[in-house]
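Colleague: I am new to this one. Could you take me through the labels and what backs them up?

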Amino acid sequence: MNTSFYTAAVGAQQQQLRMNVQGNNIANVNTVGFKAERPSFAALMYDQIRGIGDEQLPRGNGTRMVMAKTDFSSGAMATSSIAQSYAIEGDGFFALADPGTGEISYTRDGSFTLSEYTQMGDDGQPETVFYLSDGEGRFVLSNQGAPMEVTDPDAEMPVGVFDFVNTDGMVHVGSNRFVPVAKNGQVRMGAGVARKGMLEQSNTDLANEMVQVIEAQRSFSYALRMVQTSDEVESTINSLRG
């Protein structure tokens, strides 16, 4: 069968994935600390390659979206009336510790809150304490890497700012959080500064995203038209054979 069918099918499928990325960026245009993703494409393998035992490896058709790279550029700063709001001025992330799993994840979303916990006091009796958290049960870590007990809700806390030598490839795990992979290296203290009473806005450029969506829609429609044209060509060839 004409390879144009496969090329067009792959093109349409990959443009759908691209629109999913752009749609997610647009949906989070007002999400605090959100970092937009940028889809990257690469051509599939066109030449036949000889494998082990002279076996021909399969050949690709068209292009595919190889990754959606996160844009970690800073968003605009906005003041917040909530006492537990923090924003990072410069590079770095807030660190969140999950007490249930021990997982450490990182975020630029500083819309924190106070979470109530019950623990045993020095006198052996249970007492209620408050910790700075992300509102989903994860502790915000201090610049010493420890959870922060809050005794005065209006006081500024020593919120830690952490960073990595390389942020490329960090895995987006939901709730506006990221976890590092091996190539990111060891965590270190970040150069950014935590500012109380501020929140970082999404870095999504709505105008640019709308342009990208229109471009993806046009590419999708062209791919489907290519399928239709290929079908017409095949129909003509079959009728001539008859």
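Colleague: Which residue stands opposite L96 in β8?

Modeller: S105 stands opposite L96 there. Keep in mind that this is a predicted model.

Colleague: What makes β7 and β8 a pair?

Modeller: Pairing needs at least two bridges. Strand β7 (residues 94-97) and strand β8 (residues 104-107) are joined by 4 bridges. Therefore they count as paired. They run antiparallel. Their hairpin has 6 residues between the strands, and G102 takes a positive phi near 80 degrees.

Colleague: How do you know that β9 and β10 pair?

Modeller: By the bridges again. Strand β9 (residues 113-120) is joined to β10 by 8 bridges, and the cut-off is at least two. The strands run antiparallel. L114 has L132 in β10 as its bridge partner. The hairpin has 5 residues between its strands. In the turn, G124 has a positive phi of about 80 degrees.

Colleague: Why is the contact of R38 and D71 called a salt bridge?

Modeller: The side chains meet at 3.3 Å, N to O. The limit is within 4 Å, so the contact qualifies. R38 lies in strand β1 (residues 37-43), and D71 in the loop between β4 (63-70) and β5 (77-79), so the pair ties together parts that are 33 residues apart in sequence.

Colleague: Is R38 called buried, partly exposed or exposed, and why?

Modeller: Partly exposed, because its relative accessible area is 27%. Buried would need under 20%, and exposed over 50%.

Colleague: Why is Q144 called exposed?

Modeller: Its relative accessible area is 69%. Q144 lies in the loop between β11 (139-140) and β12 (162-163).

Colleague: What makes D168 and K183 a salt bridge?

Modeller: Their side chains meet at 3.0 Å, N to O. That is within 4 Å, so the pair counts. The pair links distant parts of the chain, 15 residues apart. D168 is partly exposed, at 24% relative accessibility.

Colleague: How many salt bridges does the whole structure have?

Modeller: A search finds 10.

How values were computed. Residues are numbered from 1 along each chain as its sequence is written. This is a predicted model: local features need pLDDT of at least 70, side-chain atom pairs count only at pLDDT 80 or more; totals for chains, interfaces and linings use all residues. Side-chain values use heavy atoms; hydrogens and water are left out. Helices (H or I, at least four residues) and strands (E, at least two) are DSSP runs, numbered from the N terminus. Buried means under 20% relative accessible area, exposed over 50%, partly exposed in between (1.4 Å probe, protein chains only).
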